[in-house]
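Student: I would like to learn how to read a structure of this kind, step by step. Could we take the features in turn, with the general idea before the case in hand?

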Amino acid sequence: MRGKIKMQNYFRICVMLLLCLVPNILGKAVLVPGKTDSGDVEKKQINAQSHILQNQNLNDVEENDMNQGNANKKNSDTLRVEPMQVEEPLKKLDKEDLNPPDHLDAVRMEQDGHLNKDWRKEVFLGEHEDFDQSTREEQDQKLKMVFYRVDTDKDAHISYTEMETWIQSKVKEHFDEAAEENNRIFKALDTNKDGFVSWTEYCIQFLVAHGYDQKTSEKYMEDYEIIEVNDEVRDHMVKNKFRWSEADEDPMDNQLNLSEFKAYRHPEQSFRMLDNMVRDILESLDANHDSILTEQEFIALPPGEVESEWRESDKLWQDERRKEFQNTIDIDKNGKVTKDELKQYVDPLNINHSKTEAKNLVDIADTDHDEKLSIDEVMENRDIFLGSKMMDTGKSFHDEF
Ligand SMILES: *[C@@H]1O[C@H](CO)[C@@H](O)[C@H](O)[C@H]1NC(C)=O
Ligand SMILES: *[C@@H]1O[C@H](CO)[C@@H](O)[C@H](O)[C@H]1NC(C)=O
């Protein structure tokens, strides 16, 4: 059963327990290993149903994120103009600010093991929400603008290289945006402005963002008996604590500076944390614990019967994952995915992604086979570039033969 705590997790728990010897560092949840059940916390089973529900939630979240994003931008703008407002930034942090995000822009997989459905849009359009919410005419207008920006040598065509450079610049844009948001959150958390956020400081704000009042939250961090926090909050704190410790570089002082905090929230931007993230994804999918993912493991649905209305979506979900496994993740096509292959897949800076994706995007719309795209070719295939139509890359190469 998944409840079994595996060696690595066990080791991590031991480390956690050691940290607990320093008082006030860790929630009592971790002090009670029976209750920790890191299996449940860490291993979110992939479930096609929850996946769909999640997608709906994700849309909600994305909307929020967007609003939040806009609000954030406004905030940081105001902050820059009127430093007086830095005095009281704490109230502006909400749950989303405090929990490390599950979805990472420009990363091909969510941290819970789901495929990132928006990856293509993220690396070609960048801020694709702008497009999603526009009218058809506005979308066409914006797409044309993108075309002329990608065409850096102004020969009225997009070449493979131009497309590749463009995709890399979009990935960088996502990174910069994440860093900016990270700065904002860090600043708000670092109340005494010493350049560090301690685990205690962080947890107090975490609890406040979850509706506990400041005093109670402070007391809780001194004495975990004082209140019962709800299970969800506690589970998050346990999970976050693992990650916090992993982001905490030498000297491991249980406080994070700005770059450690970025590694905490954005593992894709830290080589070390990316490695941990890949380890966690692998563990959560690797049913027989042999550190290798087979196609079966990768497309496995959780055990148990589902209502008939879900069967079709389960099947689609599995088909999509199978295709991704065969075409992209399993690089050497031997039916097995190693941690290294998974890492190459997940790493947003892997230049193979921009290369392959540039070639895919150009080839799929290159009607006259001149290995570059004209504005007409792009506009005729607008749905592919806007991500509103699935692109069957496997098919695109064979269609014409
Ligand atoms: C944060 O701490 C790490 C490890 O001590 C160090 O390498 C890094 O330069 C520090 N970053 C900042 C922004 O101080
Ligand atoms: C890119 O792909 C090539 C060929 O498959 C491979 O040898 C190389 O290691 C890959 N590079 C990265 C950074 O994954």
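This is a predicted model: local features need pLDDT of at least 70, side-chain atom pairs count only at pLDDT 80 or more; totals for chains, interfaces and linings use all residues.

Student: Which residues are around ligand 2, and how do they divide by class?

Tutor: Around ligand 2 we find Ile331, Gln344, Asn350 and Asn352, and by class this shell has 3 polar residues and 1 nonpolar residue, with no charged residues.

Student: What does the UniProt record list under the name EF-hand?

Tutor: The UniProt entry, which is unreviewed, lists "domain: EF-hand" for residues 138–173, 177–212 and 317–352. In the span 177–212, the end C-alpha atoms are 30 Å apart, and 67% of the span is helix while 6% is strand. For residues 317–352, the end C-alpha atoms lie 25 Å apart, with 64% of the span in helix and 6% in strand.

Student: Now I would like to turn to helices that pack together. What describes two packed helices?

Tutor: Two packed helices are described by the angle between their axes and by the distance between those axes. Take helix α13, residues 231–247, and α14: their axes are 9 Å apart and the helices pack at an angle of about 135°. That angle makes α13 oblique to α14, and the crossing of the two is right-handed. On the α13 side the contact is made by Arg243, Trp244 and Ala247, and on the α14 side by Glu260, Ala263 and Tyr264. By class, the residues of this contact are 4 nonpolar and 2 charged, with no polar ones.

Student: Which residues of α10 meet α14, and at what angle do the axes cross?

Tutor: Helix α10, residues 160–189, and helix α14, residues 258–265, have axes that come within 10 Å and cross at roughly 115°, and α10 passes α14 in a right-handed crossing. Here Ala179, Asn182 and Phe186 in α10 meet Leu258, Phe261, Lys262 and Arg265 in α14. The contact of α10 with α14 has 4 nonpolar, 1 polar and 2 charged residues.

Student: How do the axes of α10 and α19 cross?

Tutor: The axes of α10 and helix α19, residues 351–365, come within 8 Å and cross at roughly 125°; the two helices are therefore oblique to each other, and their crossing is right-handed. From α10, the residues Tyr160, Met163, Glu164, Ile167 and Gln168 meet Ser354, Lys355, Glu357, Ala358, Lys359, Leu361 and Val362 in α19. By class, this contact of α10 with α19 counts 6 nonpolar, 2 polar and 4 charged residues.

Student: Finally, let us look at the backbone. Is the peptide bond from Asp250 to Pro251 cis or trans?

Tutor: The bond from Asp250 to Pro251 is cis, with omega near -5°, and Pro251 is placed in the loop between α13 and β3, the latter spanning 255–256.

Key
Residues are numbered from 1 along each chain as its sequence is written. Chains are lettered from A and ligands numbered from 1 in the order in which they are written. UniProt positions are given in the numbering used here, feature names are shortened, and annotations may be inferred rather than shown by experiment. Helices (H or I, at least four residues) and strands (E, at least two) are DSSP runs, numbered from the N terminus. A residue is near a molecule or strand if its C-beta atom, placed from the backbone, lies within 6 Å of it. Ala, Val, Leu, Ile, Met, Phe, Trp, Tyr, Cys and Pro count as nonpolar, Asp, Glu, Lys and Arg as charged, and the others, Gly among them, as polar. Axes are lines fitted to C-alpha atoms, for helices over the stretch in contact, and angles run from 0 to 180 degrees between N-to-C directions. A crossing is left-handed if the near helix is turned anticlockwise from the far one by less than a right angle, and right-handed if clockwise. Two residues are in contact if their C-beta atoms, placed from the backbone, lie within 7 Å. Angles under 35 degrees count as roughly parallel, over 145 as roughly antiparallel, 65 to 115 as roughly perpendicular and the rest as oblique.
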